[in-house]
Amino acid sequence: MSNPEGIPISFLTLALSNAFQYAFVAWIAYYIAVSIYRIHFHPLAKLPGPKLAALTYWYEFYYDVYPYQFQYGFRIKQLHEQYGPIVRINPRHIHIHDHEYFDTIYASGANHRRDRCSWMHHSGSRTMAGSMLEAMDHDLHKSRRSAVSNFFSKRSVQALEPLVLSSVERLVQRLKDEETVNLNNAFAAMTMDIISAYCFGESMNSLEYPQYGKDWLEMLHGGIQMRPLGRQFPWLVNTLYDIPPNVMARFNADMARINTWTHQMLPKIVRILAGEDEKRDVQRTVFHEIRDGKMSAEEKLPMRLMGESHVILGAGTETTARTLAVTTYYLMKKHDVGEKLRDELKTVLSQPDSAVSLAQLEALPYLSAVINEGLRVAHGVASRQPRIATHEDLIYKQWTIPRGTPVMQSSHLLHMDPNVFPDPLDFQPQRWLDNPELKRNLFAFGRGTRNCLGMNLAISELYFAIALLWRRLDTEIYDTVEERDVLTTNDCFLGMTDLKSEGIKARIVGVVEK
Ligand code: HEM
């Protein structure tokens, strides 16, 4: 038999099968060459670590994606126990576990340019690419961040006190009528309402939803759990982000919600950029700030700003909510800590509903210690945070790490290090008072030029919410298992509990009368 050109089919089949065989052999030869290079000749070849991790990214895949999920952070801890404070954790990445070396990796200043790592962030999705978090390049990040940093400065956040206070008040008011509450959902509603009102001039009003911020949390958790997969298959995850919500809804409800959210935001941003909202007496938002700033026209495109809004709303909701829920859990669990805090709060809140300012609360030593300890054990961002020193080699002990290498530490490892925080699983605010130097080792908000943009806002929310809730309500732990609902057992960039956990719950025992 032959095809229309007269070439016998058997000859074509043979030629094709030969081509596949050659391609397969070439592919194997390529991987053998790459493997030999990675193990023996790569600039990182002499650094300690398992050979398999140096050889292939599938090692990381094995712990983070399949058959395990979100476990590589914990495996890295074991690797440090085996290999020491510096480990090559994949063909390109160096992980260091040494609290003395933080300031070098995360250094700031003109001589210390630091890029982010595109592999870690699987950068490139159309909808996310515009954010400062996705700006891998040092200069690009700097320009994106400085366009909005005033908006999140200490002074701007001070002006925001009435907004934070009214949201906390609304939450406490609603809790007075509840028998039990899911604290993660309740605090997520509060943080989402604050950040959305601040950034868009319009609150999401989640504090009025029957299940508070449950939907937001499910959506954010769904999105964040894609990250390890996105590292291995960026094209897959980035394509998913860009699929229209009605199509996505057939496959994955959380991803569909993320995409819906994206599509709802865009028109709001377009209106602000076009100056259409000026006709109304609107509150100035982060987008007004960018619109009126000095950035290039390209940096002011609506799609870019939408990426920025994704990151700000996402980052501004879950981390603070989890920190608040975990801190409240330990206040309920450790009665001596809870009592001591309430006694101190009475010094500025003589009556449960007395007025108080952030400055007054920040001056309370025990409350500050409770908040530091909450930040330490909640692991808002748990994961490794790579930085690439582009213009200098980094020297760690006898090792030279060539410029261009992603180097990182993980807050989870540091915050659970018994040499730095003895008995690390125990919630002990007193440790911050006994040793004020400890503050240097609090890495919850990161360090350097790319540290948390929303730190001042988060701190304001933490102080007001803990103080008012604890001064006004009596609560007790309800239907919560510490190992399942509180402890960080999954590293999805955000620290996460058992994936089956519904969250931390409390029973509202009563209202504090005086
Ligand atoms: C307890 C609460 C919070 C914690 C523990 C936390 C933690 C962090 C950490 C560790 C980073 C650095 C990530 C990295 O190095 O790759 C970060 C970045 C960021 N955070 Fe937060 N955050 C919190 C609350 C907030 C809030 C309320 C906002 C609201 C605006 C926010 C917005 C951001 C943004 C926009 C970035 C990216 C900064 C940049 O790329 O320059 N965060 N956060």
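**Note on the predicted model: iron site, helices and local features**

1. Cys452, through its SG atom at 2.3 Å, is the only protein donor of the iron atom of the ligand. Donors here are N, O and S atoms within 2.8 Å of the metal (3.2 Å for Na, K and Ca), and sites may look incomplete because water is not among the atoms. The model is predicted: local features need pLDDT of at least 70, side-chain atom pairs count only at pLDDT 80 or more, and totals for chains, interfaces and linings use all residues. Residues are numbered from 1 along each chain as its sequence is written, and side-chain values use heavy atoms, with hydrogens and water left out.

2. Cys452 sits in the loop between α23 (430-434) and α24 (455-472); helices (H or I, at least four residues) and strands (E, at least two) are DSSP runs numbered from the N terminus. Its relative accessibility is 29%, so Cys452 counts as partly exposed. The classes are buried (under 20% relative accessible area), exposed (over 50%) and partly exposed (in between), with a 1.4 Å probe and protein chains only. Leaving aside residues up to four places away in sequence, Cys452 touches Arg145 and Phe445, where contact means heavy atoms within 4.5 Å. An unreviewed UniProt entry places the feature "binding site" at Cys452. UniProt positions follow the numbering used here, feature names are shortened, and annotations may be inferred rather than shown by experiment.

3. The domain assignment gives domain 1 (1-41) and domain 2 (138-511); such bounds come from an automatic or database domain assignment. Taken over C-alpha atoms, the centres of domain 1 and domain 2 are separated by 51 Å. The unreviewed UniProt entry also places the feature "transmembrane region" at residues 20-39. In the model this span is 100% helix and 0% strand, and its end C-alpha atoms lie 28 Å apart.

4. The expected span is 1.5 Å times one less than the number of residues. Because 11 of the 14 residues of α17 are buried, this helix is largely enclosed by the rest of the structure. The buried residues of α17 include Arg304, Glu308 and His310.

5. Helix α21 (residues 365-378) has 14 residues that should span 20 Å at 1.5 Å a residue, and its end C-alpha atoms, 20 Å apart, agree with this. In α21, 13 of the 14 residues are buried, so the helix is largely enclosed by the rest of the structure. Just after α21, His379 takes a positive phi of about 55°. His379 belongs to the loop between α21 and β5 (387-389), and at 2% relative accessibility it counts as buried. Most residues other than glycine have a negative phi, and most peptide bonds are trans.

6. Tyr212 also has a positive phi in a residue other than glycine, near 50°. Tyr212 is in the loop between α10 (183-200) and α11 (214-224), and its relative accessibility of 6% counts as buried. Among the residues that Arg174 touches, not counting those up to four places away in sequence, are Tyr212 and Glu208. Arg174 itself lies in helix α9 (residues 161-176) and counts as buried at 14% relative accessibility.

7. A cis peptide bond, with omega of about 5°, joins Tyr66 and Pro67. Pro67 lies in the loop between α3 and α4 (72-83).

8. The structure holds 24 aromatic pairs. Rings of Phe, Tyr and Trp (its six-membered ring) pair if their centres lie within 6.5 Å; planes under 30 degrees apart count as stacked, over 60 as edge-to-face and the rest as tilted. One of the pairs, Tyr57 with Trp119, is tilted, at 4.9 Å centre to centre and 35° between the planes. Tyr57 lies in the loop between α2 (51-55) and α3 (58-64) and Trp119 in helix α6 (residues 118-121), so the pair ties together parts that are 62 residues apart in sequence. Both Tyr57 and Trp119 are buried. One aromatic cluster is formed by Tyr59, Tyr62, Tyr63, Tyr68 and Tyr72.
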